[in-house]
Amino acid sequence: MSLVLPVGLALLWQLVSQLGWVKPYFLPSPLTVARAANEMIFETGLLKDTWFSLRIISEGAFLGGLLGLAFGFAAGISRSVEKLVTPLLDAVRQVPPLAWIPLLVLWLGVGNSGKVVLIAKAVFFPVFLNTLQGIRGVSLDQIEVGRIFGYGRLRLLRRIIIPSALPSIFVGLRFAAGLSWSVMIAAELLGSRYGLGFRLHLAQEHLMTDQLFVIIILIGLVGYLLDLTIRTIQGRVLHWRRNFVG
Amino acid sequence: MNLESVVSQSDRPLAEPPAGVELAARAADRARAGGPSPIEVELRGVSKVFASKAGPVTALDHVDLSIRRGEFVCIIGTSGCGKTTLLRIMAGLERESAGIVRLEGKPIIGPGVDKGVVFQDHRLLPWLTVDENIGFGLDRHSAAERAVLTSRYRNLVGLGKFGEAHPNQLSGGMAQRAAIARALVNRPKILLLDEPFGALDALTRRYMQRELEKIWLEEQATMVMVTHDIDEAIFLADTIVQMSSHPGRVNRIIPVNIPRPRRRDHPDFVAIETQLLEEFELQAKGYFGEGI
């Protein structure tokens, strides 16, 4: 079922290019794109660039995710921490990722650390906000169950607050993963010597439309797999949830 | 997993539980077991005042109450009479504004495993299995001890096969039974029940009342149950505490000496029922005037 649309689209694509409705440099045929993919993967090291992008992403996402969880938990558990950090964070959040690039380039150069910071920042907010919201959403009735058995703060956190907040935390993680991937591509597009964004930039400069298609499909595919991974973990962890499935 | 069919069967037996005769014998043993048992819970001049936007509201006003070890007490009253507040104070979930609250002579200053609580909603944690929920209060026990106690109380409440099920797979009656097992597993000195069967349908409720009576006799537990159901109170209680509202006060204390298992057509049952109904009507007239 989930393959109907992609396959249909590919067939339509083949039809359009075969009938010559559109010039090849606007829309190369699927076969040309497949040939370009073959060449890029086996001769010009496309997978190495993919791997490079993924590595930067995981570093940034790990850093941002960890900070987001830590701040989210701290602010969720303590009102005063929340009051201390949220105004500043809310202001920082309003500045879009790309606006930080000039400053990051100035401070950290055009190397990888700037990108890691940019991705960490992009990941931080959804994780932070959803963790905070998840903890604030824990029902007092459930907390009371812990209190009845004499649970202290730490045991309440471990046995009630965290499990109860997990669905919301996962929403943040999934959203952040998608966001980090797009921020990564955007950052590489602007200044990099490796990575999928850089390859996209190259293909654009040389008007190699077939290569553009290869990279776009690859970006979509990797992003989809990232999301699928998190979704699978989410399904395992939250197996107890019974939701409307359509 | 489709539990629905099993659920309806186990919730609504076709006949009276076969334990009737045995139950009567055990209840008689209990009656013979000697003179009055010691006082387990003692409340003296307990008041509770809540702050509200319209000023302080007195929920409880000088409540005196003594509950003996092994006694089944039902606190009954219309909504707003402070009966739930009274129970929450005994549970240590609220503090009294004035007065003395003691459990075995020691003041109750907070919640703890010596006081079991069952709420109207089962409050099982949805991410845990039935067994993990029942064993929730055994956090400090070894895994082996926990397994033994959990399965013992799971069987006691009749959830034998459902240890691995999750709460959302249970019916309301089954979930409430799991909640009762969770409250009992620590062998609390007192079990506090806040309208535990209020959300169940009438048939399931009657069945659960008999089950609870059985558990009470088996565990020789002290139980305090808040209810607004007169029939339920007479069916279960050794002592009925009738409260009046605004502010919440103890209106009458009525001993129920009907042999167990009780029949609802027993003359004393009917007499107490009539008496309580008249009492409530009198109270209602006090609030709403003669018009009703």
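The largest nonpolar core runs to 123 residues, and the ones with the most contacts inside it are Ile119(A), Met90(B), Ala178(B), Ala181(B) and Val224(B). A nonpolar core here is a set of buried Ala, Val, Leu, Ile, Met, Phe, Trp, Tyr and Cys residues joined through C-beta atoms within 7 Å; buried means that 20 or more other C-beta atoms lie within 10 Å of a residue's own, against 12 or fewer for exposed and anything in between for partly exposed, with C-beta atoms placed from the backbone. The largest share of this core, 13 residues, comes from helix H6 (residues 112–136) of chain A. In soluble globular proteins, nonpolar side chains tend to be buried together.

All of this comes from a predicted model, in which local features need pLDDT of at least 70, side-chain atom pairs count only at pLDDT 80 or more, and totals for chains, interfaces and linings use all residues. Residues are numbered from 1 along each chain as its sequence is written, while chains are lettered from A and ligands numbered from 1 in the order in which they are written.

Chain B has 292 residues, 42% of them buried, and carries nine helices and ten strands (DSSP runs numbered from the N terminus: H or I of at least four residues for helices, E of at least two for strands). Of its contacts between residues at least 6 apart in sequence, 72% link residues at least 24 apart, a contact being two C-beta atoms, placed from the backbone, within 7 Å. Leaving aside neighbours within four places in sequence, Ala181(B) touches Ile134(B), Tyr153(B), Arg154(B), Leu156(B), Val157(B) and Leu159(B).

Six strands of chain B form an open sheet with mixed pairing, in the order E6-E7-E8-E3-E9-E10; strands pair if DSSP finds at least two bridges between them. E6 (115–118) and E10 (249–255) of chain B sit at the edges, each pairing on one side only. Neighbouring strands are turned by 20 degrees against each other on average, direction ignored. Helix H6 (residues 172–184) of chain B packs on the sheet, touching E6 and E7 (190–194) of that chain, and its direction makes about 170 degrees with that of E6(B) (axes are lines fitted to C-alpha atoms, for helices over the stretch in contact, with angles from 0 to 180 degrees between N-to-C directions). Strand E9 (residues 239–244) of chain B runs antiparallel to E10(B), joined by six bridges.

Between the chains, 13 residues of chain A are in contact with 15 of chain B. On the chain A side, helices H7 (140–148) and H8 (153–190) each give two or more residues, and H7(A) gives the most, with six.
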